[in-house]
Amino acid sequence: MKVLTVASGKGGTGKSTLSALLARLASDELRVALADADVEASNLPIALQVDKVACDEFNGGVRAVIDADACTGCALCEPVCRFDAITPKGSAYAVDGASCEGCTRCFHVCPAGAITLRRQHAGEVCTGVSSVGPMAFGQLRPAHDLSGRLVTEVRSRAVALGAQNGAELLIIDGPPGTGCPAIASLTGADLVLAVTEPTRSGAHDLGRLEELVRRFGLPLAVVLNKADLSKSGAREVRELCEAREMPLLAEVPFDPALVTALELLAKGEVPQAHGFGTGGMRIIREIWRQLSATLGLAQQASESR
Amino acid sequence: MARRPAVIAIASGKGGTGKTLVATTIAAEAAASGLHTVLVDCDADAPNDHIFLPRAYETISRVRTPVASVDSPSCTACGECSGLCAYGAVRVLGRSALVFNELCHGCGLCADVCPENAITMQGLEVGSVIEGPTERTPDLRLVSGVLDVGQVKAPDVIRAAVEHGLGIESDLVVLDAPPGVACSVVAAVREADALLLVAEPTPFGLHDLGLAVELGNELRIPMAILANKVTPENEPVPAQLSRFEGVPVVHSLPFSRRTAERYASGDLPVDGGDMGRISMAPVLVWLGSLSAGVSPEAALPR
């Protein structure tokens, strides 16, 4: 099974839209599995009508809780907290749950036994059946950490789902950024497709993503989305691609037809493949052709016919 | 003693909703009206505020975060440390314990318990805080937290940037948060008096806004919504925004191709011209009403 991760340094460039439309096209030729690795803002399940959803609790770490009645106010815990999560409250001390990272150091220094550790329900990891194939996704509970670990869990479930279903391609819709969750979504990718936009922010963040992907030694290709929004912005992205030797697969115009197609997908009315013959949709089809050739899938598809 | 500035954070669950546009415009408008303003770019994975508000000059300080380090010759591989580490960051391999920097949160528990005192906390460089007055006006200073590419400790860089920004004497601090709802966002907004959520009235945008509202409730910060990229097609949708009980929609900006084009080139709509001037005054009015004690949320314990 080949793994394609759709990534972007900057948020809102069109990763989920492109992932959903590419998955729709790929599903005509191959068995496809999907993963939404943006566990902080999971949108692929909305775009591809996920059904038969089964979720498991995702356990995060622990959080410290101070029993105010048992606390003697000795203040030993406050300075050992690296996360500044412990502050005085009346004659006792209290833990700010959103800042506590669950290291347990305060629990170990408390001489009064006033601190307990509570296991956190940090989110959910789910699987389901979308309109184009099986999908794994997750949702972190707001204000919880460990999103990188949840991404890893989603990715491994998607790999297992893909194997069970004999999928030839796994498409991972990645989170924005270049930090811990983005890194977790790149692991094991055969190709990283970076989606950018013709803004100075878009070029800047693509540069950071390219640096990251190069560190992992992964092949990278770029799609410039909303390309006609700015001539100077588009030029900047093209120049960056040339300077860093990143293949620019395609430039997709700002086309309302793409949004319409996405809305159809979200309503479960799978747009007909021939609908991909005009405007921005024709370019999405061309991107899919190139990706399937790069990943060596075009040949598999014709052999399986 | 200097009084504390008003602190507003700009956030959104979804990426690309317009946080940077809103944050830079609020900061520029506030500074133009005479407020000493500090803008803190907390999107350490993808910092962009400096593109819109270039600095006249800048000072760079490196951010170091503590990580455990084992002195192998002194280590007896007893396993006390690895048994207690909540993150699985220290493991005994062969005849010595070994620390995985990416997993280590730098809490220091392993150093506490090591019977041989073989573990010390060392500073690992993970990013930079860049600060300086903007070219536009010295009344507006820009602080950026920038994560080194390949590092995972964005929250440490963000905390350092926020602390730096709050340390500058000012009237108003604007915090431009990263997308999402996890630890990086918490690090960016936890010091804020008010949280402005920038939302796109699309199905994706509404879903992610719901998560951002949950985050604000969890942190008990007074919130308001700014609806961005409103079009005639999604016009009824701002009404849907009102389903988030008690979170007022304080401002609404239409989708404008012209704004998008100019923004793409690094211009700010506060300057008007053929871009069409966008004012963030309603947001500042809302912020003012909070500090005047009009909102009951302002009295929440911090």
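1. A helix axis, as the term is used in this note, is a line fitted to C-alpha atoms over the stretch in contact, and an angle between two axes runs from 0 to 180 degrees between their N-to-C directions. The structure under discussion is a predicted model.

2. The definition applies at once to a pair of helices in chain A. The axes of helix 9 (residues 256–266) and helix 10 (residues 279–294) of chain A come within 7 Å and cross at roughly 70°. Because angles of 65 to 115 degrees count as roughly perpendicular, helix 9 of chain A is described as roughly perpendicular to helix 10 of chain A. On the side of helix 9 of chain A, the contact is made by A:Ala257, A:Leu258 and A:Ala261; helix 10 of chain A contributes A:Gly279, A:Gly280 and A:Met281. Sorted by class, this contact has four nonpolar residues, two polar residues and no charged ones.

3. Nine strands of chain A form an open sheet with mixed pairing, in the order 3-6-7-2-8-1-9-10-11. Strand 3 and strand 11 (248–251) of chain A stand at the edges with a single partner strand each, so one side of each has no neighbour in the sheet. Direction ignored, neighbouring strands of this sheet are turned by 20° against each other on average.

4. Strand 9 (residues 191–196) and strand 10 (residues 220–224) of chain A pair in the parallel sense over five bridges. A:Val195 has A:Val223, in strand 10 of chain A, as its bridge partner.

5. The overall description of each chain is as follows. Chain A has eleven helices and eleven strands, and its C-alpha trace spans about 70 × 45 × 35 Å along its principal axes. Of the 305 residues of chain A, 57% count as buried. Chain B has ten helices and eleven strands, with a C-alpha trace that spans about 70 × 45 × 40 Å along its principal axes. Buried residues account for 52% of the 302 residues in chain B.

6. Contacts may also be sorted by separation in sequence. Among contacts in chain A between residues at least 6 apart in sequence, 79% join residues at least 24 apart. For chain B, the corresponding share is 73%.

7. The nonpolar cores come next. In soluble globular proteins, nonpolar side chains tend to be buried together. The largest nonpolar core in this model has 164 residues, and B:Leu175, B:Val189 and B:Leu197 have the most contacts inside it. Beyond its neighbours within four places in sequence, B:Leu197 is in contact with residues including B:Ala11, B:Leu209, B:Val213 and B:Ile225. A second, separate core of 17 residues includes B:Cys85, B:Val99, B:Cys114 and B:Ala118.

8. Finally, the two chains meet. In chain A, 49 residues are in contact with 47 residues of chain B. Which elements of chain A each supply at least two residues of the side that touches chain B? They are strand 3 (51–66), helix 4 (105–109), helix 5 (147–164), helix 6 (180–186), helix 7 (200–215) and helix 8 (231–243) of chain A. Helix 7 of chain A gives the largest share of that side, eight residues. By class, the side of chain A that touches chain B has 15 nonpolar, 23 polar and eleven charged residues.

Methods:
Residues numbered from 1 in each chain as written. Chains lettered and ligands numbered in written order. Predicted model: local features only at pLDDT ≥ 70, side-chain atom pairs only at ≥ 80, totals over all residues. Core = buried A, V, L, I, M, F, W, Y, C linked by C-beta atoms within 7 Å. Buried ≥ 20, exposed ≤ 12 C-beta atoms within 10 Å, placed from the backbone. Contact = placed C-beta atoms within 7 Å. Helix = DSSP H or I, 4+ residues; strand = E, 2+ residues; numbered from the N terminus. Nonpolar A, V, L, I, M, F, W, Y, C, P; charged D, E, K, R; others polar. Parallel < 35°, antiparallel > 145°, perpendicular 65-115°, else oblique. Pairing = 2+ DSSP bridges.
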